Amino acid sequence: MKQAIKSLLLLAVAACFGTALSGQTQVHGRIVETTGEPLTFANLFLYSSVDSSVVTGQMSGEDGRFTFAHLAPGNYRLKVNLVGFASYQSAVFQLKNQPGELTLNDIVLAGSAELAEVEIIARKALVEVRADMLVFNVAANPSASGINGLDLLRKAPGVKVDMDNNILLLGKAGVQVHINGRPTRLSGDDLAALLQNMTSDNVEAIEIISNPSAKYDAEGNAGIINLRLKKNPAQGFNGNLNSSFTQGNFLRYSNGLSLNYGNERIRTSLELSRSEDDRPDYFLDTKNQNGFVLDFDSDEVKHRNGYNLGGAVDVQLAQKHSLSFTGRAILNQNDDVLKSTTGITLPGSTAQDQLLVSQTLLDQSFRNYNFNLNYNWDIDKTSRFATDISVGKVNTRGQTQQPNTFFAADKTTVLSISNNAFDANTDIDMWSAKADYEKTWDKFTFSAGGKFAHIATVNHFAFFNVDANGPVPDPDRSNDFTYTEQVAAAYAILNAKLGEFLKLNAGLRVENTTSRGRLMSIQEITDTDVSRHYTDLFPNVGLSFDDGKTHALNISIGRRVTRPNYQNLNPFEKPLSELTAWKGNPFLRPNYIMNYQVTYAFKQKLTITNQYSVTKDFFASIFEIRGDDRNVIIPRNMGRVTQYSISASYPLEVCKFWEITTFLDGGRNTYKGNLDGTEINLSQTTWSVRVQNSLKLPWGIFMDLTYERYSDWVWRGSIPVRGNQYLDIGFRKDFLDKRLQVRLTGSDIFRTTNDYYYHGNYGGIEIDGIRSFDSQRFGASATWKFGNQKMKAAKRSKGAMEEELRRLNGGD
């Protein structure tokens, strides 16, 4: 541990006090182990051979690569060390006067023959700002423990999860969620179910990419959120046990076990977790339509019991060839109970004339299976090739009962009874295959690849009228809906160094999409078979400036798309209650967005991002009147949505035990369109402030305190919602030689973001309401580590780094 701390200190001092050079030469290289596997976070120090002073220092990247830029002519030596490997020192090499670049041969670090076991202890920053992404390190935030994956996203900077569990990034919907770099290819309720079955204690970091390059799928207007799961780098056998619970109005808990084994050639892992929770959802609203007044009051509790099983095998086949296989199964059982009353006031009346009392009882199973095979070939030090095959399957089986009783104004006289039931079953099959190639020259890097993805869904909806004799099938209100989609894609990217500080990234992706949605019903419904075939180009161009010291600027333009999911395309009505139904739209078109983004970083601390986007055919969910007192929620394409956002972040080390990271977000959104006669013309200025405090308290206790306040916002593209604020707190402490970690958490501790007030007025419907959840929660979690949690570390003579540190500090 001492060696690791000394190395980090030396790197920090080298970065702050290293000699200010203004030369024109760069030195590139890569750090690998004897198997050819890249080594991440190796410590590199560049020395002047004249006086042995440290010129600069850095760490190798995730691919083992490093670059020393802006070096003056002269003679240098390079030293490399990494815990667990023997140190390396190069021979003296010369950089001449003329501008250019020097690419070193791969530097191979061998395991030391005399190794002592030490435990690797490193504390990551809460948030890392990188050139192409923002990284939220989950383990550095104690209050993020013991929650599910969807609630975890609510804590990530710039991410918002709305009341329908839709994920927004910088105020924009259409986020693509990846797990370990691979797209889930799920959306809507299916994506929410997947994330709710994940536990935050298995997530290492959340990577937020707001303007992805052409290498990524063009799907997702708002960008990409990648959940990077934990991996244990220790060799030998090890594992851990996790247990957590939180208590609000209802209890939620999860328990998990992970096992790992690794050596120089193979690594395997297996994890199993079980979680159970109850989630209340309360509605209280009033609708005015056609003179009718509907006072709706509902109380829903969603009970979930789930299992999450995952496994992985990584094999180093040869020095340049590696193979990895991952698999995951998520098994979930949902039992939801919704009880509601709707008071009905007829036109001209001053008091309620009728009362509808109804229930919705859901018994549903959810199964998700995903498998992935990846092959990587490091052809040589300048080129690489990778292939990836993924297969997935989702099954949902649901049985719903909806008893409905209409009472007269006295609330005791029964006017009518309508008891319904329906089965809703969904099967989704998906697979994809892709290949990527990359080649690097002195000033250019060329990347190219291709991908084919296929998804097929089968949806069966069987409706029953329930009488004294039991359920009776109703063919008129039943249907089958199938949807298939194939996307064939190819891309090419060129990265060019235009000068000492300037780089150009230009990419083009082409995607050919074929889709078909078919509705099978005995009802005479138009548009039961809708096919589409279209080809789109998605350019992405970025220009970046980085002087390596103070200023970094990136300007980028990119085009992206969001395709409608099958749930929004099914034109059949699905009853939510006797008076409200959901209906898909088979003619829902994909929406396209142009993103314009400028990012500036000052001394790699203050980061400011400006983004402007124009979305064509935005998806909006609106209420439409059916008859006198019924309404249907239906997705429509809105003509144009513009969104401007500006965000800033800054980490401030107040003192050695207290760091504050501040996030500021602001924006202006406009929603305009004529949706089949319903005029929408909304504009909303939004802002949010988040302050995250990380403190190291006495007795080895780490604490975080997070406060966020956000402004009014627009729900479903049509309904303004009042803003809220909240305060989260968390504590973390290690025991028993750091094998046991205990965490205490509090979310929304003053219950200030539990209630959402909304108001809307469009299309002949005026609505006022409040929706409430169970956000105020307190909990505890613990992790017990067993087996070999240590890595081999090379012995170093005492003071091996102190001399360099002393010289950099002027001999103090």
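**Side-chain pairings**

Author: Asp281 and Arg771 are both buried, where buried means under 20% relative accessible area, exposed over 50% and partly exposed in between, with a 1.4 Å probe and protein chains only. The model is a predicted one, in which local features need pLDDT of at least 70, side-chain atom pairs count only at pLDDT 80 or more, and totals for chains, interfaces and linings use all residues. Residues are numbered from 1 along each chain as its sequence is written, and side-chain values use heavy atoms, leaving out hydrogens and water.

The side chains of Asp281 and Arg771 form a salt bridge, with N to O at 2.6 Å. Asp281 belongs to strand 21 (residues 266-289) and Arg771 to strand 46 (residues 765-772), so this pair ties together parts 490 residues apart in sequence. Strands (E, at least two residues) and helices (H or I, at least four) are DSSP runs, numbered from the N terminus. A salt bridge requires a side-chain nitrogen of Lys or Arg within 4 Å of a carboxyl oxygen of Asp or Glu, and by this rule there are 25 salt bridges.

Another of these joins Asp429 to Lys393, whose closest N and O atoms are 2.6 Å apart. Here too distant parts of the chain are linked: Asp429 is in strand 26 (residues 414-440) and Lys393 in strand 25 (residues 383-408), 36 residues apart. Asp429 is partly exposed, at 34% relative accessible area, and Lys393 is likewise partly exposed, at 32%. Salt bridges with shared partners also join Asp151, Arg154, Arg252, Asp277, Arg279 and Arg304 into one network.

Turning to the rings, the whole structure holds 14 aromatic pairs. In the pair of Trp715 and Tyr758, the ring centres are 5.3 Å apart and the planes stand at 65°, so the arrangement is edge-to-face. Trp715 lies in strand 41 (residues 713-715) and Tyr758 in strand 45 (residues 755-762), so the pair ties together parts 43 residues apart in sequence. Rings of Phe, Tyr and Trp (its six-membered ring) pair if their centres lie within 6.5 Å; planes under 30 degrees apart count as stacked, over 60 as edge-to-face and the rest as tilted. Trp715 is buried at 2% relative accessible area, and Tyr758 is buried at 4%. Elsewhere, ring pairs link Phe422, Phe461 and Phe463 into a cluster.

Charge and ring also meet: the charged end of Lys160 sits over the ring of Tyr710, 4.0 Å from its centre. This description requires NZ of Lys or CZ of Arg within 6 Å of the ring centre and within 35 degrees of the ring normal.
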